Amino acid sequence: MTALAPVLPDAHPLEARLRAIGAARYHDKHPFHHRLHGGQCSPDQVRAWVINRWAYQAAIPMKDAAFLSRCSDPDLRRLWRSRIEDHDGGIAEGGGLRRWLRLAEAVGLDPDYVASGRGVLPATRFAVEAYVRYVRDRPLLQAVAASLTELFAPAIHEQRIEGLLLHYDFADAASLSYFRNRLTEAPKDVKAGLAWVLEHAAAPQDQDAACAALAFKTDVLWAQLDALWGAYVEPGRIPPGAWQPGEGLA
């Protein structure tokens, strides 16, 4: 298993604190991911994950657009705008969102159903909306620091690619292209974001705020998996309006 974003011996003290938060709180430790990567999810549990994770994926470029709309520093805007391009892509080839819908189709879902956002769990929707509001409303330092879960993302993408290919018939190069692309996109994004946070969080209170922002983001990710577990694993109580197995199939 790939180690999660190890702390380098000469790391900035704030960077060490941020990496420690990820080591303790990142959602790679959630039992749903262990179940998914270990091949223990049923087809409907995989579909529920794809549907609900779409809500988060679809909100990322909107979150980033909200960030850019209040960022007066052109250097920071130049660093940040590629995130929208990564997810939305061009008109012809698309980006991460289109690759996620390719995964949806591979697991037997109608991509139009998934893209509509119907069937998303209420708790997932609330967590995603809370993240968008956080980035839109909080100081820029906290908005950038909240994105630093990307420090830990490549490791979980590697685990996911390996586990899905090993255990699920739908997994192939096309259906897993979202995760393969993120192996290069996330490190590029987080390198710029981490450098900006380390430069602008000089005061102790700013460093505490950056750490709180990252902890908040880990809560957003964890809450989504808790919702999936409660609805589709155990106790298996699907709330009104959420996806029911058999709906939205291709």
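Helix axes are lines fitted to C-alpha atoms over the stretch in contact, and the angles between them run from 0 to 180 degrees between N-to-C directions. In the predicted model, helix α9 (residues 153-167) packs against α10 at an angle of about 170°, and the two axes lie 9 Å apart. Because angles over 145 degrees count as roughly antiparallel, α9 is roughly antiparallel to α10. On the α9 side, the contact is made by Ala153, Pro154, His157, Glu158, Arg160, Ile161, Leu164 and Leu165, which meet Phe179, Arg180, Arg182, Leu183, Ala186 and Pro187 of α10. By class, nine residues of this α9 contact with α10 are nonpolar, one is polar and four are charged.

Helix α10 (residues 177-200) also packs with helix α4 (residues 74-88), here at an angle of about 165° and with the axes 11 Å apart. The α4 and α10 helices are therefore roughly antiparallel to each other, and α4 passes α10 in a left-handed crossing. From α4, the residues Leu76, Leu79, Ser82, Arg83, Asp86 and His87 meet Tyr178, Arg182, Glu185, Lys188, Asp189, Val190, Ala192, Gly193 and Trp196 in α10. The contact of α4 with α10 comprises six nonpolar, three polar and six charged residues.

As for the geometry of α10 itself, a kink of about 35° is located at leucine 183, shortly before proline 187.

How values were computed
Residues numbered from 1 in each chain as written. Predicted model: local features only at pLDDT ≥ 70, side-chain atom pairs only at ≥ 80, totals over all residues. Heavy atoms only, no water. Helix = DSSP H or I, 4+ residues; strand = E, 2+ residues; numbered from the N terminus. Parallel < 35°, antiparallel > 145°, perpendicular 65-115°, else oblique. Left-handed = near helix turned anticlockwise from the far one by under 90°. Contact = heavy atoms within 4.5 Å. Nonpolar A, V, L, I, M, F, W, Y, C, P; charged D, E, K, R; others polar. Bend = angle between axes of the 7 residues up to and from the residue.
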